[in-house]
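Visitor: I'd like to learn how to read a protein model. Could you walk me through one, feature by feature?

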Amino acid sequence: MVYNTFGNTGIKMSALGFGAMRLPMRGEDGKKEIDDDLAIPMMHRAFDLGVNYIDTAPYYCDKLSEGAVGRAVKGRRDKVYVSTKNPIENDSADDWRGRLETSLKNLDMDYIDFYHFWGIGLEGFRHWETLTNGPFQAAERAKAEGLIRHLSFSFHDKAENLREIVDSGHFESVLLQYNLLDRSNEENIAYAKEKGLGVTVMGPVGGGRLGAPSELIRGLLAEKPASTAEMALRFVLANSGVDIALSGMSTMSHVEENAVIAAKTGHLSAAELVQIKKMLEENKRLAELYCTSCNYCKPCPKGIDIPHLFGIMNTHRVYELTEHAIEAYNSTIRGQAWVKSASAADCVKCGACEAKCPQKLPIMRQLEETHEALFRGV
């Protein structure tokens, strides 16, 4: 395993982190539980292969992930760094402390190594900084008591909003999105690294999108990697500003394969990175020919989330991630995904969207193409 110095903490952290958001479950809805017979050996195998960072959160796996991580770390607490998160549901310092204590109880631990302000954006951050007895004060007290070792934050806001949070001095590490399909935080990674923060990347395989086969993405290298997922993970690990690539692993094979990739050095040469980024920019340009996601077309009177469906279509049309696109489209229109949308086939051709589109795209025709390419009937 390759280890990187995690910001100014001085900790040597494994290049691969275990994301405990997709642990195997068993049982029916309402009665689900972590399948410890599968999940615990997976985590133990990762630790045995050198992974020393594991990330969980209160709501992962039907609110059961923290407990499973706690069980897996028993007997290895001095060798594994544990990360979890506080959703900061209100301004109360007491409530923030209560959520921390709940996580400690779930994990069955005396302290948490890296405790995240979960999914914060610049607006919320600025508000919390103005409070005299809010989350930040609660966090500093918990840190002084030894309940948390390092304060961190995870970030889903616009890329241009990150630097002010980094510069605040409150945090020692950041967890952010970065992958082949979303490079918006590329400059932020270098900036956070320069400022002494440990940098952990979530979604190196694009939330599962890049786990689907794509000859186009495999073909970004002359010597093709074994899978699209390998290409995606190698791309993230090749960024010198990335300390940890956090992978949500759900099978033993994921653990074995990712550990082999993360144990390598020299993932991509400088020339290969230049060529890959050039091709990615061209693919981005092609995707924007179909939609730039400006959202001017919204709202659709029939409830169609046009930019979202076109984004899914682009994973098929531009990146050849067809299996993922089919699954994503059908789960979206059936209400089984985070983003909900009516079917592209529900378009009544009122023309309202096309009248508002600054690119003058043939939206109604593209909706027909999207449904025809991706819909799979029951």
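Guide: Angles under 35 degrees count as roughly parallel, over 145 as roughly antiparallel, 65 to 115 as roughly perpendicular and the rest as oblique. Keep in mind that this is a predicted model. Here, helix α4 (residues 93–107) packs on helix α6 (residues 135–144) at an angle of about 45 degrees. That is why α4 and α6 count as oblique to each other.

Visitor: How far apart are the axes of α4 and α6, and which residues make the contact?

Guide: The axes of α4 and α6 are 8 Å apart. On the α4 side, the contact is made by A93, W96, R97 and L100, and on the α6 side by P135, A138, A139, R141 and A142. As for handedness, α4 passes α6 in a right-handed crossing.

Visitor: Let me try another pair. What angle do helix α1 and helix α11 make?

Guide: About 10 degrees, between α1 (residues 36–48) and α11 (residues 252–262), with axes 9 Å apart. Since an angle under 35 degrees counts as roughly parallel, that is the label α1 and α11 get. Their contact involves P41, M42, R45 and A46 from α1, together with M252, V255 and E256 from α11.

Visitor: Okay, on to strands. How do strands of a sheet pair?

Guide: They pair through backbone hydrogen bonds, and the pairing can be parallel or antiparallel. In this model, eight strands form a closed barrel, in the order β3-β6-β7-β8-β9-β10-β11-β12, with parallel pairing. From one strand to the next, the twist averages 30 degrees.

Visitor: Which strands pair with β3?

Guide: Strand β3 (residues 16–19) pairs with strand β12 (residues 244–248) in the parallel sense, over four bridges. There, L16 has A245 of β12 as its bridge partner. Two bridges also join β3 to β6, again running parallel, and F18 stands opposite I54 in β6.

Visitor: Where do the residues of β3 point, and are they buried or exposed?

Guide: L16 and F18 point one way while G17 and G19 point the other way, and all are buried.

Visitor: Can we follow the barrel order onwards? How many bridges link β6 and β7?

Guide: Three, in the parallel sense, with I54 standing opposite V82 in β7. Then four bridges join β7 to strand β8 (residues 112–120), also parallel, and S83 has F114 of β8 as its bridge partner.

Visitor: How many residues of β7 are buried?

Guide: To judge that, look at relative accessible area: under 20% means buried. In β7 (residues 81–86), five of the six residues are buried, so the strand is largely enclosed by the rest of the structure. T84 sits in β7, and its relative accessibility is 0%, so T84 counts as buried.

Visitor: What does T84 touch, and which side chain makes a polar contact with T84?

Guide: Beyond its neighbours up to four places away in sequence, T84 touches several residues, including T56, E66, L107 and F114. The side chains of T84 and E66 are joined by a polar contact of 2.6 Å.

Visitor: T56 is on that list. Where is T56 found?

Guide: T56 is in the loop between β6 (53–55) and α2 (60–63). With a relative accessible area of 0%, T56 is buried. Its side chain makes a polar contact of 2.7 Å with the side chain of S65. Setting aside residues up to four places away in sequence, T56 touches A20, S65, E66, V69, S83, T84, K85 and L107.

Conventions: Residues are numbered from 1 along each chain as its sequence is written. This is a predicted model: local features need pLDDT of at least 70, side-chain atom pairs count only at pLDDT 80 or more; totals for chains, interfaces and linings use all residues. Side-chain values use heavy atoms; hydrogens and water are left out. Buried means under 20% relative accessible area, exposed over 50%, partly exposed in between (1.4 Å probe, protein chains only). A polar contact is a pair of N or O atoms within 3.5 Å; within protein, one must be able to donate a hydrogen and the other to accept it, and residues adjacent in sequence count only if both atoms are side-chain atoms. Contact means heavy atoms within 4.5 Å. Two strands pair if DSSP finds at least two bridges between them. Axes are lines fitted to C-alpha atoms, for helices over the stretch in contact, and angles run from 0 to 180 degrees between N-to-C directions. A crossing is left-handed if the near helix is turned anticlockwise from the far one by less than a right angle, and right-handed if clockwise.
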